[in-house]
Amino acid sequence: MNVDDLNGKTIGFLASGGLDSCTITHWLTGHGVKVVCFTGDLAQPDETDFGAIEKRMRACGAVDFVPLPLQDYIAALGLEGIQAQACYESRYWNVTGLGRQAITAGALPELKKRGISILAHGATGRGNDQVRFQLITNMLEPDISVYAAWRDQAFLDRFGGRAQMIEYCEQHNLPIKATRAKPYSTDANLLGLTHEGGQLESLATPAHLVTPEMGVWAKDAPDAGEDFTVTFEKGVPVKINSKSVSTLEAFLSANKTGGAHGIGIGLHMVENRFVGVKSRGVYEQPGIELLGTCYGFLAQLVLDRRSKEMLDSLSLLFAKQVYQGYYNDLASKMIRAAVAE
């Protein structure tokens, strides 16, 4: 699907409010496309003013803006990841993969309500997200088509990358936050932050180039420890330090405590992307690392030898399933059913 196929049509665009969102929305609008922007509230710590996102997207040509309240859903997905102990290639808790599941599954019903049959996104052609958005949509709503600007030759001919997009936005006086000086890009939700690209692509660049947003580096953490007690009932955290909490509140509390002590801050990986390339990332995932480790101790305590071996094998498979965008397929449903026991 290319931009000429969209002329005169209305599409639903998954907009973060960042550089790609602003550029693509304005560029599509200039090609006669009506863009309705859908932005998920995933309790992302780096963007709390959704009124500002709406203002930016409308200024870039969006005909409508739809906020999606997804905080409880992303927390529930994070809990499933914890219960499955599903870490991809080391200790990466799939915070971005779970976030893509949340935003896509949250947006699709809203598209259908409005009679929109095309979902668009700004994921690049070399990343996992373009596959995730495609697969999640195909599995949940096969009647909805997916448009990816970074797979459209007309878009590629116009924009070679970040510098060209910034120049385009400046030429059209679009209200972007991005600057040429930022040395890496960041994606965020309740479960964690992913920093990648730019200077981080060089292994000569230390991970400490990143300025943490969910806590501090371990070297900057306080010397004194802090008690953190979790009460689980049927696999669900219901109390933190004796205070009753919802799943969302458990993550918020764990993010605050874990981040303050440098837990889960700065995980450094060169991961194998689903699309066949290597990618270096620096991750912040304090709450899911803290809660996930607590749950791991609990599993060691209560599971017998065979059930623990079963969980360990399912953990590896489910981590790969989520990472590659297969959260909704039959295999993942079977894994979740087994883990629920």
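Glutamate 196 stands opposite glycine 281 in strand E12. Welcome to a predicted model, where local features need pLDDT of at least 70, side-chain atom pairs count only at pLDDT 80 or more, and totals for chains, interfaces and linings use all residues. Residues are numbered from 1 along each chain as its sequence is written, and side-chain values use heavy atoms, without hydrogens and water.

- Strands (E) are DSSP runs of at least two residues and helices (H or I) of at least four, numbered from the N terminus; two strands pair if DSSP finds at least two bridges between them.
- E7 (residues 192-196) has 4 of its 5 residues buried, so the rest of the structure largely encloses it; buried means under 20% relative accessible area, exposed over 50%, and partly exposed in between (1.4 Å probe, protein chains only).
- E7 runs antiparallel to E12 (residues 278-284), joined by 4 bridges.
- E6 (residues 185-189) and E7 are antiparallel too, with 5 bridges, and form a hairpin with 2 residues between them.
- In that pairing, aspartate 187 stands opposite threonine 194.

**Aromatic rings**
- The structure holds 9 aromatic pairs: rings of Phe, Tyr and Trp (its six-membered ring) with centres within 6.5 Å, called stacked if the planes are under 30 degrees apart, edge-to-face if over 60, and tilted for the rest.
- Tryptophan 150 and phenylalanine 155 are edge-to-face, because their ring centres lie 4.9 Å apart and their planes stand at 85 degrees.
- Phenylalanine 155 is buried at 0% relative accessible area, and tryptophan 150 is buried at 11%.
- Ring pairs link Trp27, Trp150, Phe155, Phe159 and Tyr168 into a cluster.
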